[in-house]
Amino acid sequence: MALSEWVRESRKYILGTIILVLVLAFIPFIIGFDQYLLLILSTAAIFAVFVVAWNIIGGYAGQLDLGAFAYIALGGIVAAQLLVVYNITPWIGMFVGAGVSAVLAAAIGYPTFRFGIKEVWYALLTAALVVILNNIFHLPEVLGSLDHYLPPANGWYYLKFPVYENIYWFILAMLAIVVFINLWVSKSKVGYYLRAIREDELAAEALGIDVRKYKLEALVLYAAILGFMGYVYIVIAGTYSYHTFDSPHSIAIAIMGIIGGLGSIAGALTSAITLKVVEEYLRASIGATIPGIHLLIYGLLLIIIGIFKPDGLAGIYESLKKRRTSGRKKISGGGNP
Amino acid sequence: MMDPILVTNNVLDGLLMGLLYSLVALGLALIFGVMDIINFAHGDFVMIGAYTAWLLAMAFWVDPSVTAIITVPLFFIIGIGIYKLVIEPVLGAEPLIQIAVTVGLGYVFQNIALALWHAEPKSFPAPWLNFSISAGGITLSVAKLIAGGISIISLYLIHYMLTKTKFGLAVRATSANREVAPLMGINVKKVYAITFGIGTALTALGAALYMSWGQTNPYLGQSFSLLSWVIVAMGGLGGVIGVLYSGLIVGVLEALGSTFITPSARLAVVYLAFFLLLWFRPRGLFARR
Amino acid sequence: MSGGEEILKVENVVKRFGGITAVNRVSFNVRKGEILGLIGPNGAGKTTLFNCITGVYRPEEGRIVFLGEDITGLQPHVIARKGIVRTWQKVRPFKKMTVLDTVTVGALLRTNSVTEAKRKAEDILKFIEFPEDKFEVMGKEITLIEHKLVDLARAIATEPTLLLLDEVAAGLRPNEMERLASILKKVNKERNLTMIVVEHVMRFVMGLSQRMIVMHEGEKIAEGTPQEIANNPRVIEAYLGTKPL
């Protein structure tokens, strides 16, 4: 798809994204650079990046991937180790990490899609992948049982700072880029094909769509974005170890994607940022007396949405909009960005 | 070179664990096979069952396995309740929605457990059965032997129920063709509710037996869920026998991984086998056809 | 009209499932520009034959030659790209995509530009007389006849050489069937699109096709003009005898 065509088609959304990111970027000034709040915001923003990336494989291609942290941790640990062992800047390391995650995704995805594994089996396979990597990195020959730390040095060379605002702004810039990637996918031939695959694989294939190829492309793109952001995640987390291959958080990313509404970028953004901020708020306020209360709420939300509103937040928004404009003719671009 | 007696011992231990896994996985296989529901919360029923067994054991100061007398019927009823509340509304929904709803259910269970009992593992401090017997260098836990024995008996009873009783016939007819079953006078919704109840009751039995030697925490269910699904994938819906063999294979794989690599890599071995299985034998090892 | 070159040759195709032979040594040719009717009672092997031609199944024996090239056992998407596209007996809609987007998916087979594909999709939908106020309606919100039309439109949008229609008339009311038949004739004539129409609604297929093939229990038992088929004693015995015209 030509760039000019893409800009014309998505102008409204590009503008919206830029405004949203600018508003988010301005928040530190309002909260007086409160470091604790900035940590929460950074966490929410990086999860938003993860969920928007997940939207490519989960929302467009319709594959319930539960393995996000396989790629996040792998890419992040590769970049971190390059820095720790060889003093290679993460500006290079993150690209290497993205590449390694993409290669892993291709190696897993090729046979998986070749043999037609989907639905529950795909979900299980990706969930198992996180556990496998967790176990492998736990071996003493790999990372062992210890927590590993990034070098104490700070600065843009290390993409690591004594204060959170820089990394927060960096994540926001990445968020804008990942949203643009999504928009591009959504509006291009790939997006149409992925949605068709999600809706009906057999019918899609009969229309000449190479189902395996497009699913693999979606998976690799998703994994590369996650692998790239892995180092930033480690910077926020402070340490890395085999625990970075985190099953519950992998599932949480899929959950936020579903609550947002499959294939909806705005839904993914809203659900990730809201849920993560609410989560941190609840953890800070009543989390000490009732641990896990935020996750309990996730669970209930998921059940309610699954039963009553399978289209998620985006579906709720759509039906509200429809009620308001009923009677008027609806004009819309492609898909449901 | 590994000590062959140690290896034999670990494999036997793995077989006993495998029997318990079969018992738990059979519940999942029934639910998936009969009503086509993708239940990601199955292991979390085991976890809740383990806490229930622990609470009752502490209250009455009996071995946790004894509490199965209460927890099994209790979970049968809880299972039917959960079915009516959460599962029935998503019957026939997209797989993704079913996964989402049952993952949500698992989250609710985990975090109720976390809120009530916190993250520290819980175990019964004075189990009667947690001692071992030895013969010829082989040492086996009595609790696991008993759990294995009860698992086999339960598997047989379910097999008998499925093949020899009228209800079993209704179950098999429903799982074979849920459009035709109602025409033959079968109340499909009732079959579903009871099947879900039985599946849940089996998790409570497995959990009570396991608590004779094991400990529980809010996340116990995650490995039970994944392992049960691995067993169902291997069993290929090949009936009770398929589940039994698959459970034994999983138990042994886990023991071998634990012995030859390291205990913390035991799940990786099972899941790697799962990858290969899905890729090369997607219909399972013991598929009926 | 039926004297065109032969674009598809099905040669001695055999497809078995376990012990059952669903398609047994079936051969026939399709000529450019014609509408070929393929009829037979339920279980005659029509849909299985379709699945062999479109690559869903790989036949155990025999060859399928399309435009001089052996396409036996190729993957469905490769066959579609070569120019054989099908519709489905049970509609397989893209429920959460709009009608226009669904047809655009088909059009994207021959272009990478979404804008161009969309324009083409609009043209095709107009051509088959799909109600314009429903272009932006989601796939889950349209009626059965509309589903059939969308299914047809997205297939035509791939610019096929040969279109396979699997029981398009199933489930439609008589007036809807007439509407569909006239659209199919228009597509055949104005777009010069060759079609194989699998059907067991006799009246529909008799009026539509120039030539017919009859299958029974996996075998081809007759071939000829609709008139010849209607008078063929074997056909009457095997098929029409149980289901009169």
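1. In this note, two residues are in contact when heavy atoms of the two lie within 4.5 Å. The model is a predicted one, in which local features need pLDDT of at least 70 and side-chain atom pairs count only at pLDDT 80 or more, while totals for chains, interfaces and linings use all residues. Residues are numbered from 1 along each chain as its sequence is written, chains are lettered from A and ligands numbered from 1 in the order in which they are written, and side-chain values use heavy atoms, with hydrogens and water left out.

2. I would begin with B:Trp279, which, leaving aside neighbours within four places in sequence, is in contact with A:Ala107, A:Ile108, A:Pro111, A:Thr112, A:Phe115, A:Ile117 and A:Leu125. B:Trp279 belongs to helix H10 (residues 266-280) of chain B, where helices (H or I, at least four residues) and strands (E, at least two) are DSSP runs numbered from the N terminus. B:Trp279 has a relative accessible area of 13% and is therefore buried, a term that means under 20% relative accessible area, with exposed being over 50% and partly exposed in between (1.4 Å probe, protein chains only). The side chain of B:Trp279 also makes a polar contact with the side chain of A:Thr112, at 3.0 Å. A polar contact is a pair of N or O atoms within 3.5 Å; within protein, one must be able to donate a hydrogen and the other to accept it, and residues adjacent in sequence count only if both atoms are side-chain atoms.

3. Between chain A and chain B, 42 residues of chain A are in contact with 42 residues of chain B. The buried area here is about 3,600 Å², of which carbon and sulfur atoms give 85%; buried area is the accessible area (1.4 Å probe) that two parts lose on being put together, summed over both. A:Trp121, A:Leu124 and A:Ile132 supply 15% of the area that chain A buries against chain B, more than any other three residues.

4. Across this interface of chain A and chain B the rule finds zero salt bridges, a salt bridge being a side-chain nitrogen of Lys or Arg within 4 Å of a carboxyl oxygen of Asp or Glu. Four residue pairs, both at pLDDT 80 or more, are in polar contact between chain A and chain B. On the side of chain A that touches chain B, the largest share, 13 residues, comes from H5(A).

5. A:Lys189, A:Tyr192 and A:Leu207 supply 26% of the area that chain A buries against chain C, more than any other three residues.

6. The rule finds one salt bridge across the interface of chain A and chain C: C:Arg92 pairs with A:Asp200, the closest N and O atoms being 2.9 Å apart. The interface of chain A and chain C also holds 11 residue pairs in polar contact, both at pLDDT 80 or more.

7. As for chain C itself, the secondary structure comes to nine helices and 10 strands, and 57% of its 245 residues count as buried.
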